[in-house]
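Dear colleague,

I am handing over the structure below, together with some notes on what turned up when I went through it. Please read them with the coordinates open beside you.

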Amino acid sequence: MGAQDPAVQRLQFFLSESGWDAEQINARRLELLMADAATAAHPGGVLVVDDSGDRKDGHATAHVARQYLGSVGKTDNGIVAVSTLWADQRVYYPLHVAAYTPAGRLPAGRNDPGFATKPQLAAGLIRRAVAAGVGFAAVVADSLYGPSQTDTLIDALGRAGLPYVLALQPHKGTWAPSDAAHTPVEAAQQVGWRSQRRPGGWQRVTRRFRDGHTETWWAADARLGGWGPDQRVRLVVATTDPATLPERTTWYLVTNRPHPDRARRSRLPAADLAEVVRCYGLRNWAEQGYKQVKHELGWADFQVRSDTAIRRHYTLVCCAFSFCWQAWITDPPPTVAAPTSPGEPRPGRRERGHHQHVHNGQTDADTPLAGHATPHPQLADPGHTAATLLAGLVARAPTSPAARPIHRGHHRPPDQPVPPALTNHR
């Protein structure tokens, strides 16, 4: 459709000129999610901080400027939004969103009263989540929001008494005596690994994924500067191989959740190494599902310019995201197996009267992402399309359900595109 098409014009008016309040709609969306036992936030989940940047032409649109955009992996003209999402092992959804306004767009630059850094925006969104009654085991975020880049968020969380697990850049240096570790990597190397039989300070951690497979990781409390197992803030390293510390499968994390031996000295709940790894592992939802689905739902496809209209657009996408989960929970797509003979049904089609469902926690790891075709190839079925979008992403959940408790640098790789099968309905 073109910009002058009547349907497009009506949508433009709805976003730009009508009188509805985006904050009220979002608050109502969260109320409904919290009231449903299948999606209600609980203290075993995590509050993930994330941001996304998308290309936008021109400079007339609010918040648009030349800045780093995660979706393309480089600096370009576009818009960046900071968001929070709640996630556990079963479900995840966005909570609140705030567009970032670069200093160059404000009259007084960084001294302008309206300027806020991304960590400052994140701190505000976390306060809103707490006010909305969202429970979580920790705030988790990548190294852009950790102390490697800024102390803004970690200080705000510390003052508020909120638990966190934040990533560090592996080679970010810190002051220390000459014979001590100066970077997270050096701190990990000093833990004392020799072999699986002589692991030193490393402990085996089993990560269980939703498709049923498990991975053996190793985790350890390390020491760097003022961080350590007996300090207010701990440095935890998790890796698939303590001997080589592979870059892609090693996490360097700081957390204020105390070591079990120090629990009496803190108001926050204690966390052993497995719990710290579990919490940060749930952040993978942001990389393996959240960004892909919200962009498929039209996150960056707006043609409005005002701040109010953009915030309304983001709110509608968040509503659509939540509708996807409703479709998944009420009518999950079936497991699809490739036919072994010409006479068998084609993948994605049900035999009449037969309803084969995928049960949470039992999805086949080899199920195609587009595991649920629309009932009629020429008709759009929004409910089943929603389920299709989530099918494989749910199957690749970071870790399996656990009992509820009583590195990414500044120059990040671009977001991974949605597999083509997800868009075959178009």
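With a relative accessibility of 11%, L245 counts as buried, and its place is in the loop between β9 and β10. Please keep in mind throughout that this is a predicted model. Most residues other than glycine have a negative phi. A second case is H63, which is likewise not a glycine and has a positive phi of about 75 degrees. H63 is found in the loop between β1 (46–55) and β2 (65–69), and its relative accessible area of 8% is under the 20% limit, so H63 is buried as well.

In β10 (residues 250–255), six of the six residues are buried. In a regular strand the side chains alternate between the two faces of the sheet. For β10, both faces are covered, with T250, Y252 and V254 buried on one side and W251, L253 and T255 buried on the other. Strand β9 (residues 234–239) runs antiparallel to β10 and is joined to it by six bridges, and within this pairing V237 has Y252 as its bridge partner. Strand β6 (residues 164–167) is also antiparallel to β10, joined to it by three bridges, and here the bridge partner of A167 is L253.

The aromatic side chains deserve a careful look, as the structure holds 12 aromatic pairs. W218 counts as buried, at 5% relative accessibility. By contrast, W299 and Y314 form a stacked pair, at 4.1 Å centre to centre with 15 degrees between the planes. W299 lies in the loop between α7 (284–296) and α8 (307–330) and Y314 in helix α8, so this pair ties together parts that are 15 residues apart in sequence. Both W299 and Y314 are buried.

W299 also takes part in a contact with a charge, for the charged end of K294 sits over its ring, 4.2 Å from the centre. A further case of this kind is R207, which lies over the face of W217 at 5.0 Å from the ring centre.

There is also one aromatic cluster formed by Y92, W285, Y290, F321 and W325. Of its members, Y92 has its place in strand β4 (residues 92–100) and counts as buried, at 0% relative accessibility. The C-alpha atoms of Y92 and L47 are separated by 9.7 Å, although the two residues are 45 residues apart along the chain.

Lastly, on helix packing, the axes of helix α3 (residues 118–131) and helix α4 (residues 152–160) come within 8 Å and cross at roughly 25 degrees. That angle is under 35 degrees, which means that α3 is roughly parallel to α4. The crossing of the two helices, α3 and α4, is right-handed.

With best regards

Definitions and conventions:
Residues numbered from 1 in each chain as written. Predicted model: local features only at pLDDT ≥ 70, side-chain atom pairs only at ≥ 80, totals over all residues. Heavy atoms only, no water. Phe/Tyr/Trp six-rings, centres within 6.5 Å; stacked < 30°, edge-to-face > 60°. Buried < 20%, exposed > 50% of the residue type's maximum accessible area, 1.4 Å probe, protein only. Helix = DSSP H or I, 4+ residues; strand = E, 2+ residues; numbered from the N terminus. Lys NZ or Arg CZ within 6 Å of the ring centre and 35° of its normal. Pairing = 2+ DSSP bridges. Axes fitted to C-alpha atoms, helices over the stretch in contact; angles between N-to-C directions. Parallel < 35°, antiparallel > 145°, perpendicular 65-115°, else oblique. Left-handed = near helix turned anticlockwise from the far one by under 90°.
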